[in-house]
Amino acid sequence: MPLPYSVHLRQEAFEFLQDRRKKDREELLSFFRQLGGNPFMTGDFQDPDDSGRPIEGVVLGYFAIYYWADHSASELRVIAIRLADR
């Protein structure tokens with residue numbers, strides 16, 4: 001069954017994901033599927049980008065995931081995945 005929203009990764013996020021261990025990749029991909037199925041999920045924190053668009057941030061284990069929802073296109077845009085500050 002297709003997700004309500006498709007999930008798109010910016011090149012930087014894709015490369016970060018690609019460089020992770022298999023277990024971490026699977027955890028992140030599982031989160032992206034959840035996000036696509038629940039596109040109105042709010043993050044653990046929110047910061048606006050340069051244009052004022054709200055960017056959601058979620059801490060998932062060792063990772064911080066930054067994304068925004070493009071509701072007009074039914075897409076979620078993952079703009080960055082980074083190691084979370086500890």
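Asp-49 is partly exposed, with a relative accessible area of 22%, where buried means under 20% relative accessible area, exposed over 50% and partly exposed in between, for a 1.4 Å probe and protein chains only. The side chain of Asp-49 meets that of Arg-53 in a salt bridge at 3.1 Å, N to O, the term standing for a side-chain nitrogen of Lys or Arg within 4 Å of a carboxyl oxygen of Asp or Glu. Arg-53 is partly exposed as well, at 32%, and lies over the face of Trp-68, at 3.8 Å from the ring centre; a charge sits over a ring if NZ of Lys or CZ of Arg is within 6 Å of the ring centre and within 35 degrees of the ring normal.

## Basis of the model

This is a predicted model, in which local features need pLDDT of at least 70 and side-chain atom pairs count only at pLDDT 80 or more, whereas totals for chains, interfaces and linings use all residues. Residues are numbered from 1 along each chain as its sequence is written, and side-chain values use heavy atoms, with hydrogens and water left out.

## Fold

The chain has 2 helices and 5 strands, which follow one another from the N terminus as β-α-α-β-β-β-β; helices (H or I, at least four residues) and strands (E, at least two) are DSSP runs, numbered from the N terminus. Buried residues make up 35% of the 86 residues.

## Other salt bridges

A search of the whole structure finds 5 salt bridges. One of them joins the side chains of Arg-82 and Glu-12 at 3.7 Å, N to O, and this pair links distant parts of the chain, with Arg-82 in strand β5 (residues 75–83) and Glu-12 in helix α1 (residues 11–18), 70 residues apart. Arg-82 is partly exposed at 41% relative accessible area, and Glu-12 counts as partly exposed at 39%.

In the salt bridge between Asp-24 and Arg-21, at 3.3 Å, N to O, Asp-24 counts as buried at 9% relative accessibility, while Arg-21 is exposed at 54%.

## Aromatic rings

The structure holds 4 aromatic pairs, a pair being rings of Phe, Tyr and Trp (its six-membered ring) with centres within 6.5 Å, and planes under 30 degrees apart counting as stacked, over 60 as edge-to-face and the rest as tilted. The rings of Phe-45 and Tyr-66 have centres 5.7 Å apart and planes at 70°, so this pair is edge-to-face; Phe-45 lies in strand β2 (residues 45–48) and Tyr-66 in strand β4 (residues 63–70), 21 residues apart.
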